[in-house]
Amino acid sequence: MNKIFHLILIMVCGLCFAQPTAYKILADLSYYQNLPDDTYQKERCKLDLYYPANTKNFPTVIWFHGGGLKSGSKAIPEQLKAKGLAVAAVNYRLHPKVSAPKYIEDAAAAVAWVFKNIDRYGGDSKQIYVCGFSSGGYLSLMVSLEQKWLKKHKLEANQIKGVITLSATTFTNHTIRKEYGMEITQALIDHYAPVFHARGDAPPITLITGDREKEFFGMYEENAYLRRMLKLNGQQQNELIEIGGYGHEIVEVGIPLLLKRINP
C-alpha cells in the first residue's frame with residue numbers, strides 16, 4: 001500500500017513541477033543556397049525562426065511583414081509568441097533596389113525553406129500557415145494562389161495548411177503599379193494580382209481587413225472581390241472578416257483571429 005501511495009505522490013509531484021514550454025530563436029537564417037555575389041540579396045534574404053524547443057509536431061506560421069514592398073523588416077509579433085507554435089519571420093528584398101517579381105521569388109524561397117527544414121526543429125511540415133500583413137499578405141496570397149512560384153522549389157502550393165492575411169493587397173500591388181508608372185488610385189489586375197490566380201483548389205484562405213470606410217485605398221473591396229472570385233471558382237474554404245472601427249493597422253486586433261484558425 002505504501003508503494004502505491006509513493007508512486008501516486010511521485011506522479012502528482014511530477015505534474016506540479018512540469019516544465020513550461022521553452023522557446024528558442026534562431027536569427028538571420030539564409031533561405032537561399034549558393035547565392036551569387038549580391039550583397040543586398042545576402043543582407044535581406046534571411047528569416048528568424050522562433051519555435052518551442054521541448055515539444056514536437058507543432059504548427060508553424062510564416063510571417064511576412066508589411067511596408068508596401070518598399071520598407072519594413074522581419075519581426076515576430078508578440079501576440080504569436082508562447083502559443084505552442086513556431087514563427088518564421090521573413091525579410092525580402094525591397095523597392096527600389098529590386099522590382100517585381102523579386103519580392104515574390106523571395107517569398108517563395110522562404111516558404112520552401114520552412115517546408116524543407118521545419119522538421120529538423122520538431123515542427124510538422126503538414127501544418128504550415130502562410131500569413132502576413134498588408135504587402136506581406138499580398139506575398140502570402142501570391143505564393144499560395146499562383147502555383148508556379150513554389151513549383152520552382154519542387155513544392156506544391158496546396159501543401160500549405162492555410163493562408164491568413166491581414167489587410168492584404170489582392171489587386172496588383174500599388175508598388176508594382178508604381179513600377180509601371182501608374183498612380184495608386186489606378187486599379188489594376190494583371191498576373192501580379194492574387195485575384196488573377198483565384199482557383200477552386202486553393203488552400204483554405206482567411207482574409208481579414210479593417211473597416212471598409214477606414215481601410216487603405218479600397219483594401220476591403222479588394223479582399224471582398226478575391227473572396228467572390230474564389231467562391232465562383234469553386235473554392236469554399238474561405239472567409240472574409242471586416243473589423244469594424246479599425247483602419248489599415250489591424251495587426252494587434254487581427255492576430256487573435258489568426259490564432260483561432262490554427263490548432264496548436
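Trainee: How are α3 and α4 oriented to each other?

Mentor: In this predicted model, α3 and α4 are roughly perpendicular to each other, a label given to angles of 65 to 115 degrees. The axes of helix α3 (residues 102-117) and helix α4 (residues 135-145) cross at roughly 75° and come within 9 Å, where an axis is a line fitted to C-alpha atoms over the stretch in contact and angles run from 0 to 180 degrees between N-to-C directions. Helices here are DSSP runs of H or I with at least four residues, strands are E runs of at least two, and both are numbered from the N terminus.

Trainee: And which residues make the contact?

Mentor: From α3 they are Y103, I104, A107, A108 and V111, and from α4 they are Y138, L139, M142 and V143, with contact meaning heavy atoms within 4.5 Å. By class, the contact has 9 nonpolar residues, no polar and no charged ones, where Ala, Val, Leu, Ile, Met, Phe, Trp, Tyr, Cys and Pro count as nonpolar, Asp, Glu, Lys and Arg as charged, and the others, Gly among them, as polar.

Trainee: Switching topic, how many salt bridges are there in the whole structure?

Mentor: A search finds 9 salt bridges, each being a side-chain nitrogen of Lys or Arg within 4 Å of a carboxyl oxygen of Asp or Glu. D28, D48 and K74 are linked in a network of them.

Trainee: What does K74 pair with there?

Mentor: K74 meets D28 at 2.8 Å, N to O, and K74 also forms a salt bridge with D48, with the closest N and O atoms 2.9 Å apart. D48 lies in strand β2 (residues 46-52) and K74 in the loop between β3 and β4, 26 residues apart.

Trainee: Are K74 and D48 buried or exposed?

Mentor: Both are buried, which means under 20% relative accessible area, while exposed is over 50% and partly exposed lies in between, using a 1.4 Å probe and protein chains only. D28, at 43% relative accessibility, counts as partly exposed.

Trainee: What should I know about the numbering and the cut-offs?

Mentor: Residues are numbered from 1 along each chain as its sequence is written, and side-chain values use heavy atoms, leaving out hydrogens and water. As the model is predicted, local features need pLDDT of at least 70 and side-chain atom pairs count only at pLDDT 80 or more, whereas totals for chains, interfaces and linings use all residues.

Key
Angles under 35 degrees count as roughly parallel, over 145 as roughly antiparallel, 65 to 115 as roughly perpendicular and the rest as oblique.
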